[in-house]
Amino acid sequence: MQQQRSRVEKIISLAEDRQRKVDDIAVLFDFAAEDEASASELKATIEKLAVDVEASETQTLLGGENDFRNAIVAINAGAGGTDAQDWAQMLYRMYLRYCDLKGFRKEILDEQPGEEAGIKSATIRIEGEYAYGLLAGETGVHRLVRISPFNAGGSRETSFASVFVTPEIDDDIEVEILDKDLRVDTYRSTGAGGQHINTTDSAVRITHLPTGIVVTCQNQRSQHQNRDVAMRVLKSRLYELELEKKQAETNKLAESKRDISFGSQIRNYVLHPYRLVKDVRTKHETSDVDGVLNGDLDDFIKEYLRARRSASLN
């Protein structure tokens with residue numbers, strides 16, 4: 001309730017701030033023709049208002065039940081050996097950079113390095129306003145086409161990696177997890193993490209036997225802490241699974257749902273023979289591949305949110 005109140009108060013405050021800018025613009029118009037300083041201020045105020053309006057549009061698209069929550073992002077390399085693991089690490093970096101650009105707090109919960117390069121998998125907790133709503137559309141398979149840096153023959157390779165985004169669930173939401181449904185394994189941590197890494201079997205892997213969901217955490221300082229974090233992730237995954245089941249029961253937009261389901265190819269990143277990133281669902285594309293891989297995902301996210309709203313209205 002407190003979170004909801006804070007969000008409403010912030011929306012009201014932003015609306016009042018934008019109204020003040022509109023009022024300022026009306027006044028500055030009267031002076032701009034005769035006063036150079038007023039003309040410059042008018043231009044700057046209009047530019048600020050345009051940015052605010054753009055941000056407001058994105059916020060109006062975030063009306064899902066869990067859109068305001070923090071996000072848990074899991075990245076897994078697909079088949080393809082070293083190339084796929086390197087691609088998974090590129091996506092991993094892309095989302096970390098996105099967090100930096102948005103001012104989100106990020107916490108690496110688990111990272112499994114690849115055998116030669118890249119990563120086999122990684123899990124990130126992302127804390128920030130509407131983190132889940134913004135990143136939910138990243139769930140799916142991401143496809144990369146490039147000249148392999150690991151192939152001496154310089155052949156073109158296609159690599160796949162999957163991304164799965166779930167909302168972080170608060171303690172006030174009850175998800176029943178029975179001890180008999182869990183298998184808990186401990187092992188020695190393998191990632192970076194300071195002196196506590198590789199000294200004890202502190203890493204934790206939890207398997208939820210009825211669903212087959214597996215979560216791991218290794219970057220906390222003790223087995224107990226790793227288990228607590230892993231259980232939080234499992235709780236979020238099971239909650240998301242229940243939401244999907246309920247949606248499937250009532251969803252009349254089956255075709256649209258298939259387009260965004262986990263396991264479907266959602267975006268192509270082509271580095272050779274041309275440079276292009278294209279979203280399969282929205283058809284949005286850009287030739288600024290470097291920008292996207294450096295975390296500039298706003299246009300792709302907004303187009304997905306628009307498509308999601310349009311599908312819900314049709």
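User: In what order do the 3 strands of the open sheet lie?
Analyst: This is a predicted model, in which local features need pLDDT of at least 70, side-chain atom pairs count only at pLDDT 80 or more, and totals for chains, interfaces and linings use all residues. Residues are numbered from 1 along each chain as its sequence is written, and side-chain values use heavy atoms, with hydrogens and water left out. Strands (E, at least two residues) are DSSP runs numbered from the N terminus, and two of them pair if DSSP finds at least two bridges between them. The pairing in this open sheet is antiparallel, and the order is E6-E7-E8.

User: Over how many bridges do E6 and strand E7 pair?
Analyst: Strand E7 covers residues 203-208, and Ile206 in E7 stands opposite Val184. E6 and E7 run in the antiparallel sense, and their bridges number 6.

User: Is His208 buried or exposed?
Analyst: His208 is found in strand E7. Buried means under 20% relative accessible area, exposed over 50%, and partly exposed in between (1.4 Å probe, protein chains only). Because its relative accessibility is 7%, His208 counts as buried.

User: Which residues does Cys99 touch, not counting residues up to four places away in sequence?
Analyst: Cys99 sits in helix H3, residues 81-102 (helices are DSSP runs of H or I, at least four residues). At 0% relative accessibility, Cys99 is buried. With contact meaning heavy atoms within 4.5 Å, the residues touched by Cys99 beyond that sequence range are Phe104, Lys106 and Ile126.
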